[in-house]
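Have the model open in your viewer and the selection tool ready.

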Amino acid sequence: EFREILRGNVIIPLFEERRKTLREVGTVLNAKYSGEFSNLIKVANNDAINLLNLIIANFPSFDDTAMYNGKKVFFYKRAQLLVDDIYQAFNGKNHGNLKNIDKITACADYKLPQVLRKFGILSYSKELATKVDNKIEIAKGSEEEVEVRANTIWAIELIKEELKHKFPHENSIHVNDHLWLLGQIKSANDKPYHLTRTTAY
């Protein structure tokens, strides 16, 4: 039934993992929050960071981390995107009236590094560029994948800090969303985005 609901012109990759995520969300919301996500927001006291931490603690599929040189790196792409989407969907009011939304970082996915590379903000090593441009899969959790995602987040933090000189209330998610929208504008010279099989983004 889930496959029929999501039917389209392509086969959804990692379909079974996505089905498990949907079931996980429903099960946890029913068991702990009376089936209402709004109750999670209330428990978080309308605080973006509290909400982020609750999502990660309650829904294991949102716990997006990787090991790099023996250290744990925290991305939380989908969890942060969920918080961001709630904030934006309600225009910062009602359920979207979230304190500390400015503490949410960029959501490291496929499109953002592609856009940053297009504008010359990110550059890849020759080896990595060859893989990306030839659509060779980059393993989830590999050094290359972690570096692409981590540098994406850091680049957006640097852009945000520069913008703050003119726009003091600028935050990472504004930059994130603007660049993501730019990524939807196609041009003939666009290079591919990196290919990684994952449900983290």
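Two strands count as paired if DSSP finds at least two bridges between them. Keep that in mind for the first stop, and remember throughout that this is a predicted model.

Stop 1: Select residues 65-68, strand E1, together with residues 71-74, strand E2. The two strands pair in the antiparallel sense, over 4 bridges. Now move to the turn, where 2 residues lie between the strands. Asn 69 in this hairpin takes a positive phi, near 50°.

**Stop 2: H8 against H9.** Next, show helix H8 (residues 143-163) and helix H9 (residues 172-182). Their axes come within 9 Å and cross at roughly 110°, which means that H8 is roughly perpendicular to H9. The crossing of H8 past H9 is right-handed. Which residues of the two helices meet here? On the H8 side, select Ile 156, Glu 157, Ile 159, Lys 160 and Leu 163; on the H9 side, select Ser 172, Val 175, Asn 176 and Leu 179. Coloured by class, this contact shows 5 nonpolar, 2 polar and 2 charged residues.

**Stop 3: H6 against H8.** H6 and H8 pack at an angle of about 60°, with 9 Å between their axes. Here the crossing is left-handed. From H6, the contact uses Leu 112, Pro 113 and Leu 116; from H8, it uses Val 148, Thr 152, Ala 155, Ile 156 and Ile 159. By class, the residues divide into 7 nonpolar, 1 polar and no charged.

**Stop 4: Ile 159.** Centre the view on Ile 159, which you have already selected in helix H8. What does Ile 159 touch, leaving aside residues up to four places away in sequence? Its contacts are Leu 116, Ile 121, Val 175 and Leu 179. Ile 121 is 38 residues from Ile 159 along the chain, and their C-alpha atoms are separated by 9.6 Å.

Stop 5: A search of the whole structure finds 5 aromatic pairs. For one of them, select Tyr 110 and Tyr 193: the ring centres are 5.3 Å apart and the planes stand at 45°, so the pair is tilted.

Notes: Residues numbered from 1 in each chain as written. Predicted model: local features only at pLDDT ≥ 70, side-chain atom pairs only at ≥ 80, totals over all residues. Heavy atoms only, no water. Axes fitted to C-alpha atoms, helices over the stretch in contact; angles between N-to-C directions. Parallel < 35°, antiparallel > 145°, perpendicular 65-115°, else oblique. Left-handed = near helix turned anticlockwise from the far one by under 90°. Contact = heavy atoms within 4.5 Å. Nonpolar A, V, L, I, M, F, W, Y, C, P; charged D, E, K, R; others polar. Phe/Tyr/Trp six-rings, centres within 6.5 Å; stacked < 30°, edge-to-face > 60°.
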